[in-house]
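User: I am new to this structure. Could you show me how to read its main features?

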2 protein chains.
Amino acid sequence: MASRSTTGKRAHRGAAKRAPLLPPKAGSRRFIDDYLLYLLSRASAMASGEFHAQLRARKIPLPRWRVLAVLDGTDGLTVGELAAACLFKQPTMTKALDRLEVEGYVARESAKGDRRRVRVVATDKGRALVAGLIAEAKAHEARVLKNHSATEKKHLKNALRRLIARET
Amino acid sequence: MASRSTTGKRAHRGAAKRAPLLPPKAGSRRFIDDYLLYLLSRASAMASGEFHAQLRARKIPLPRWRVLAVLDGTDGLTVGELAAACLFKQPTMTKALDRLEVEGYVARESAKGDRRRVRVVATDKGRALVAGLIAEAKAHEARVLKNHSATEKKHLKNALRRLIARET
DNA sequence: CGATAATATATGAAAAGGAATATATTTAAG
DNA sequence: CTTAAATATATTCCTTTTCATATATTATCG
């Protein structure tokens with residue numbers, strides 16, 4: 001393992017960086033450059049990374065945004081439904097909800113009819129916060145898709161929806 | 001916080017689950033259902049999740065696959081380049097490489113010309129492993145895109161490449 | 001050249017995430 | 001009704017990731 005030793009000097013300060021993504025070599029034959037899962041991951045990481053930076057600037061942790069965004073337009077979801085929609089594992093969601101509940105962004109109600117389930121709803125404070133964030137998110141999306149025609153946008157989103165809806 | 005108490009009974013056994021993704025309600029007006037970043041994340045998580053399950057079945061940790069896949073077709077990359085390409089933070093990559101080096105999948109060479117940089121190359125063992133995995137990945141991608149025409153595939157990949165290449 | 005800034009990688013403490021499992025409740029079998 | 005299986009959420013423990021910073025080397029500027 002490479003190691004370093006004695007006297008040190010400089011340091012970074014801002015939020016930790018993901019090194020700038022390198023463009024593929026000219027006449028590239030790299031596997032990843034034509035691998036769908038890689039293109040999806042990278043496009044997603046790149047676009048989301050930008051918005052996450054905006055959230056960080058406003059001191060909004062990811063789970064707060066994700067949970068409230070997913071709850072928007074619903075009349076409450078169970079822990080499991082939230083986890084699925086937020087792409088979290090269930091234990092991760094339970095812990096995120098503990099924080100969000102203490103902070104007053106969501107409330108847990110025992111779902112009527114089945115006392116195993118917990119219905120999670122956004123509080124007024126949560127709804128107020130997410131309204132502004134959704135506006136920001138839409139503005140950001142518009143910038144991301146600035147150079148795409150309406151048709152292209154529609155095709156892209158439909159293609160993604162087909163991937164999501166696909167049978168395993 | 002909701003809590004439970006006394007005697008317990010059942011348990012799960014397989015790998016931890018992401019609860020099944022719920023389809024959008026019928027005449028949905030949910031924000032996320034038309035939000036590009038969400039569609040990207042979910043399509044990516046869904047497709048990658050399937051392949052990751054194959055990797056888990058073969059006891060291959062994610063970073064081993066990612067690093068070797070990214071190194072494929074290159075003559076070695078620096079730690080920072082690898083981190084960027086693998087969508088990892090740099091310290092995460094350093095630690096992943098520590099493991100991969102010990103296990104014999106990659107080797108660190110001090111890059112000539114600039115002794116700060118470390119050039120990482122796949123070993124024979126690494127290349128042998130990744131060859132099979134890439135074949136699996138291609139087969140999986142074919143299944144994912146089974147119901148898409150050649151034109152649709154091309155358009156989708158090109159759209160993703162445009163997102164990746166986009167100026168911030 | 002010598003000092004200071006910049007860049008690349010590594011390290012350590014702390015937080016987050018995940019697999020396995022415990023607990024609570026409901027459903028199904030008999 | 002009673003018991004066993006299934007389902008939903010919570011909790012524990014352990015690994016991995018991340019943030020902040022240290023270390024090593026190179027570039028720049030006077």
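Analyst: We will go from the fold of one chain to the contact between two. Keep in mind that this is a predicted model.

User: How many helices and strands does chain A have?

Analyst: Chain A has six helices and three strands. Read from the N terminus, the order is α-α-β-α-α-β-β-α-α.

User: How much area do chain A and chain B bury between them?

Analyst: The size of an interface is often given as the accessible area lost when the parts come together. Here chain A and chain B bury about 6700 Å², and carbon and sulfur atoms carry 66% of that. Each side is counted too: 70 residues from chain A and 70 residues from chain B take part.

User: Which charged and polar links join the two chains?

Analyst: There are eight salt bridges between chain A and chain B. In one of them, A:Arg162 pairs with B:Glu152, with the closest N and O atoms 3.1 Å apart. Polar contacts across the interface number 18 residue pairs.

User: Which element of chain A gives the largest share of the side that touches chain B?

Analyst: Helix 1 of chain A does, with 15 residues. By type, the residues on that side of chain A are 36 nonpolar, ten polar and 24 charged.

How values were computed:
Residues are numbered from 1 along each chain as its sequence is written. Chains are lettered from A and ligands numbered from 1 in the order in which they are written. This is a predicted model: local features need pLDDT of at least 70, side-chain atom pairs count only at pLDDT 80 or more; totals for chains, interfaces and linings use all residues. Side-chain values use heavy atoms; hydrogens and water are left out. Helices (H or I, at least four residues) and strands (E, at least two) are DSSP runs, numbered from the N terminus. Contact means heavy atoms within 4.5 Å. Buried area is the accessible area (1.4 Å probe) that two parts lose on being put together, summed over both. A salt bridge is a side-chain nitrogen of Lys or Arg within 4 Å of a carboxyl oxygen of Asp or Glu. A polar contact is a pair of N or O atoms within 3.5 Å; within protein, one must be able to donate a hydrogen and the other to accept it, and residues adjacent in sequence count only if both atoms are side-chain atoms. Ala, Val, Leu, Ile, Met, Phe, Trp, Tyr, Cys and Pro count as nonpolar, Asp, Glu, Lys and Arg as charged, and the others, Gly among them, as polar.
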